[in-house]
Structure formats: C-alpha cells, structure tokens
Amino acid sequence: METRQQGFLDSEPLREADEDLVSEVNLNNSIMTEEEREEIQQELAKLEDEISTLRQVLSSKEKQHAELKQKLGITPLTEFKNNISRGWQDMQGSTAYKKTSETLTTAGQKTTAAFSTLGSTITRKFGDMRNSPSFKSFEEKVENTVTSIKTKVGTSGSGGSFEDVLSSTANASSQETPTNNLMDTTERPC
C-alpha cells in the first residue's frame, strides 16, 4: 500500500468537515455581546482622536523646532556636516576601524620595506652589470666612437659634413669589430 505525505499544498479540495472547522473559528466576534462591541468601538474612536491630536501636536512641535533652528542659524547643511563629523568620530572609535587601521599600517610598512629592498637590489644589480666585462667592452667602444667623432669633427675643416663624419666613424668601428658569429649566406654549410 502506498503512503502519501501531506503538506501545505494539498491537491485535494476541502471537505465539509474542514469547512465547518473554519467557520467555527470566526475570530471570537460571535462571542461578544452588543455592549462589549459598543464599548470597544468607543475605545477605538477615542484612540483615533488621541492619535489625531498627537499628530497635530507633533506637527506643531516640528514647526517650533524648525523656527528655533532657524533663529540659531542651524541650516540643514550644517546639520548634515555635524552628523557626518559625529559619524566619522564614532567610526574611528570603533574596534573594527582600529583593527583595520592597524592592519593597513602594518601592510604599508611591509610594502615600503619591500620596495626599499627591491630598489637596493636593482641598484646593486646595475652596479654589478656596469662592472661586468661585457659592459666594460661596450663602454670602451662608445668612448672610442665618441673620441673618434670628436677628432674627425675637430679636424674636418675641409668641408666634411657631420653625416660624413658619422658614416666614416661607423665604417671604421665596424672594421675594428670582429664578426665571428656572422657568416655570409653563401658560406653556410647545408
């Protein structure tokens, strides 16, 4: 036999017994006497009158409040600034803000130290590179080229242009530099 689970969304329609149960609940209205009903209605009317009076009093107090603020020169912008300032002070006093601030300060200090170390390392590496034999060789070639250009420009009173001096210097430096690793395409082994 199949057991069926019942939930809130039963697909079967209500039966007569279910309808009788619902009609009996009727929120205790049928149990009240006419006198009790009138008394409750009077009390409800009295409460509504009091609520209306309180709204009027509140409105009057709000107007008086606004007038006093105006006399003191307190504008909505001033109030807004004061609220923001007070909120900022409250936030800075909170433990979450203090912990976050401490964490960010520590992170900033560590980041600064890391960048300092990185800068020192890069400076040291450039120093090492400058002292390397290949950089020394490059530096000597540049110095020789500059000296050669200065010599030719200084002695070229016969009308040679600067471009002529540069090209002759380039030709001279290419003849001085050995090209062991460059081979002509016709000389390549297959």
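## Overall fold

The protein chain contains 6 helices and 0 strands, where helices (H or I, at least four residues) and strands (E, at least two) are DSSP runs numbered from the N terminus. Along the sequence the pattern reads α-α-α-α-α-α. This is a predicted model, in which local features need pLDDT of at least 70, side-chain atom pairs count only at pLDDT 80 or more, and totals for chains, interfaces and linings use all residues. Residues are numbered from 1 along each chain as its sequence is written, and side-chain values use heavy atoms, with hydrogens and water left out.

## Surface and burial

Of the 190 residues in the protein chain, 3% are buried. Buried means under 20% relative accessible area, exposed means over 50%, and partly exposed lies in between (1.4 Å probe, protein chains only). The chain exposes about 17700 Å², and carbon and sulfur atoms supply 56% of that area. Accessible areas come from the Shrake-Rupley method with a 1.4 Å probe; for residues, only the protein chains shown count as cover.

## Helix 2 and its end

Helix 2 has 39 residues, which should span 57 Å at 1.5 Å a residue; its end C-alpha atoms are 57 Å apart, in agreement. The expected span is 1.5 Å times one less than the number of residues. Just after helix 2, glycine 73 takes a positive phi of about 80°.

Lysine 69 is found in helix 2 and is buried, with a relative accessible area of 19%. Leaving aside residues up to four places away in sequence, lysine 69 touches Ile74 and Glu79, contact meaning heavy atoms within 4.5 Å.

## The salt bridge

The count is 1 salt bridge, defined as a side-chain nitrogen of Lys or Arg within 4 Å of a carboxyl oxygen of Asp or Glu. Glutamate 79 pairs with lysine 69, and the closest N and O atoms are 2.4 Å apart. Glutamate 79 lies in helix 3 (residues 76–93) and lysine 69 in helix 2 (residues 34–72), so the pair ties together parts that are 10 residues apart in sequence. Glutamate 79 is partly exposed, at 29% relative accessibility, whereas lysine 69 counts as buried.

## Serine 132

Serine 132 sits in the loop between helix 4 (95–130) and helix 5 (133–155). Serine 132 is buried, with a relative accessible area of 18%. Its side chain reaches the backbone oxygen of methionine 129 at 2.6 Å. A polar contact is a pair of N or O atoms within 3.5 Å; within protein, one must be able to donate a hydrogen and the other to accept it, and residues adjacent in sequence count only if both atoms are side-chain atoms.
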